[in-house]
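User: I should like to study a protein structure through a series of questions. Please show the sequence and the structure first.

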Amino acid sequence: MGVRYASCGDISGDLLTVLIQVLTSLPLTTSAAEGVSTLDPFPFNMTSENTLDDEDTFKILIATDIHLGYLEKDAVRGNDTFNTFDEILKCAKQNQVDFILLGGDLFHENKPSRRCLHSCISLLRKYCMGDTPILFDVLSDQAVNFSNSKFPWVNYQDENLNISIPVFSVHGNHDDPTGADGLCALDLLSSAGLVNHFGRSQSVERIEISPVLLQKGSTKLALYGIGSIPDERLYRMFVNNQVTMLRPKEDQDQWFNLFTIHQNRSKHGATNYIPEQFLDDFLDLVVWGHEHECLINPSRNEQRLFYVTQPGSSVATSLSPGEAVKKHIGLLRVKGRKMNLQKIPLHTVRQFFIQDLVLSEHPDLFNPDMPKVNQRVEAFCQEKVEAMIEEAERDRLGNPLTPEKPLIRLRVDYSGGFEAFNATRFSQKFVEQVANPKDVVHFIRQKEYKAKVKGEEDVDFGQLLSHSSTEGLRVEDLVKEYFLTAEKTVQLSLLTEQGMGKAVQEYVDKEEKDAIEELIRYQLEKTQRHLQQRGVLTEEEIDQEIRRFRESKKNTAEEDEEVQVALNRAKAHRIERGEDLDLSDEPDVSMDSDEDSAPPPPTRGRGRGGRGRGRGQTTARRGRGAAEPKPAGRARSQKASVVNPTQGRNIMDAFQAPPQRPSRGAVAAKSYTDEITIDDDDSDDVSFVKPASRPTPASRPTQR
């Protein structure tokens with residue numbers, strides 16, 4: 001039985017009459033200032049009360065940052081991620097969604113354990129395989145959309161598989177492609193036919209995002225996606241206009257444009273994030289992954305006039321305030337250019353309560369000069385923790401799916417002369433009541449350290465790590481901050497701080513033991529060849545030429561390529577030693593850390609923070625449709641012969657701070673005739689109406 005596509009002529013007479021009556025009865029108001037007619041209010045919003053899940057409505061379940069396998073060896077929290085993933089998939093099946101959209105970080109580890117992969121595959125097979133027909137079709141060139149797959153087509157069109165709920169996913173920074181072949185855990189699921197991995201780019205010079213074009217009845221959906229890329233590199237590519245989002249050439253105003261991204265949304269540095277203003281203005285909705293705080297209610301970007309939803313993570317991987325927000329997933333309905341997002345609370349997520357206590361704000365209770373002040377402070381902290389445990393118990397009543405033991409965190413600011421008591425001994429009082437008995441209390445000291453290291457000749461790297469100046473920083477950020485702070489005493493001449501940071505990041509995150517050594521070796525070889533070509537002889541000329549050579553590579557594609565070549569060398573050495581074939585369980589890397597400074601007592605772990613055809617149907621076609629995207633360009637590769645570096649003089653004498661990257665020019669605001677309205681009442685539904693048409697820049701690349 002073929003797939004039937006609905007059009008205006010397919011609507012029954014009664015329903016068409018109702019639609020005409022509704023559209024002709026819309027009240028119009030005129031703006032006195034601009035003389036523009038707007039819809040006020042729009043009574044035909046898609047809400048849960050008046051939306052019919054008909055053959056023209058896409059139903060999409062959206063979720064991000066599931067982090068399967070996080071703390072899987074913990075006796076209490078080991079099954080949390082798998083239980084929540086089970087709830088998410090069960091919710092998708094109960095709501096009979098057309099497909100599931102994941103925004104990255106499905107796995108917590110780059111190399112998931114066998115238990116983690118087994119649990120994930122079992123759940124996907126349980127909920128996403130079956131005889132339910134797929135009622136939407138793929139119109140774009142799938143050989144381009146899934147070019148990195150051995151099976152470059154959507155999984156439900158594979159004659160050997162029976163898929164009832166397709167899963168589309170981009171990769172995140174935790175499960176990104178690595179190794180000599182550039183594979184990730186999602187590629188394993190893709191080869192098994194369980195997940196459609198899209199949004200992957202292999203070029204470090206230019207990115208062309210070709211959408212997956214879907215159609216259900218008369219509704220056309222353009223699904224864009226881009227997997228995790230180092231923020232600084234992607235920021236630079238946006239600034240240099242090296243990121244292109246292709247569009248269908250015909251009927252551009254009839255497509256609903258949905259974009260999935262996995263990058264920093266909040267600003268962690270000058271270029272360590274992606275501003276929303278960088279994204280194209282023709283988008284309708286952006287699903288933002290990587291950020292763990294649940295901000296699922298779509299917010300409108302007033303400059304680009306699209307909406308952004310941030311579902312957040314489904315598990316708390318750090319004991320920080322953003323993780324304490326109630327966890328949700330979203331059920332997105334799209335019909336034509338209208339959309340409705342229903343937020344669905346997750347019941348299997350472990351409760352998390354966090355409070356801040358500033359001791360200096362309670363002078364009536366204790367001060368540093370009191371006798372036995374530590375005992376008073378400890379007793380007061382115990383009262384706070386017990387109050388949070390009681391609150392968690394009250395909230396858990398009536399919900400048997402919620403885990404019994406909550407996560408509790410009390411952050412104590414002991415600035416002002418107070419001393420920290422033994423946090424480990426204190427936390428052991430609550431072993432039977434909380435899920436994190438090792439780190440219930442966390443000491444911080446703020447406002448006393450800043451401006452201490454500036455201008456000093458000796459820099460203590462351990463001191464940098466033990467204070468609040470490291471809040472929210474990644475490993476590569478710490479490396480950069482260290483070299484910038486230590487510019488007068490510990491300087492780099494051959495390596496850039498960004499390249500060194502990348503190598504250290506690979507060593508820490510992915511256990512690339514040879515990454516730093518190979519980067520230094522490769523940079524030394526390249527610098528030696530450059531000096532030989534330039535014919536410099538004196539020491540002064542050598543120093544000047546090395547500085548110029550180093551500065552010329554900063555913040556360029558060449559710098560990224562050098563790091564990639566060094567990492568490929570390190571991976572090749574690892575493969576030669578046979579270390580890349582081990583899929584055994586790896587020791588857990590705990591991310592149960594705080595975004596604040598580390599407490600004075602040492603703690604364990606380290607912080608890091610219609611549907612197309614079903615089986616037997618023949619009308620769905622691969623590789624045909626209304627799109628002709630351009631294939632993404634391949635990254636340039638360089639092969640450098642390995643030579644033994646000679647023993648040379650010390651050239652660590654000239655370090656230059658990285659130049660400020662240019663900022664992207666301001667984009668002029670657009671004006672539309674139709675008003676975009678949001679029906680955001682006390683219910684969990686948020687509805688939108690996008691304008692029927694919008695101006696399209698003439699220079700935008702198009703698809704045919």
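User: Is Lys335 buried, partly exposed or exposed?

Analyst: The model is predicted, so local features need pLDDT of at least 70 and side-chain atom pairs count only at pLDDT 80 or more, while totals for chains, interfaces and linings use all residues. Residues are numbered from 1 along each chain as its sequence is written, and side-chain values use heavy atoms, with hydrogens and water left out. A residue is called buried under 20% relative accessible area, exposed over 50% and partly exposed in between, with a 1.4 Å probe and protein chains only. Because its relative accessibility is 32%, Lys335 counts as partly exposed.

User: With which residue does Lys335 form a salt bridge?

Analyst: A salt bridge is a side-chain nitrogen of Lys or Arg within 4 Å of a carboxyl oxygen of Asp or Glu. For Lys335, the closest N and O atoms of the pair are 2.8 Å apart, and the partner is Asp54.

User: How many residues apart are Lys335 and Asp54?

Analyst: Helices (H or I, at least four residues) and strands (E, at least two) are DSSP runs, numbered from the N terminus. Lys335 is in strand E17 (residues 328–335), whereas Asp54 is in the loop between strand E2 (37–39) and strand E3 (58–63). The pair thus links distant parts of the chain, 281 residues apart.

User: How many salt bridges does the structure hold?

Analyst: One of the pairs is Asp251 with Lys220, with the closest N and O atoms 3.8 Å apart. Asp53, Lys59 and Arg333 are linked in a network of salt bridges. The structure holds a total of 17.

User: What distance separates the end C-alpha atoms of helix H12?

Analyst: Helix H12 covers residues 515–534, which makes 20 residues. The expected span of a helix is 1.5 Å times one less than its number of residues, so H12 should span 28 Å. The distance in the model agrees with this, at 28 Å.

User: Which residue follows H12?

Analyst: Among the buried residues of H12 are Ala515, Leu519, Tyr522 and Leu531. The residue after the helix has a positive phi, near 70°, and is Gly535.

User: What percentage of the residues in the protein is buried?

Analyst: The secondary structure comes to 14 helices and 24 strands. The protein has 704 residues, and the buried share is 53%.
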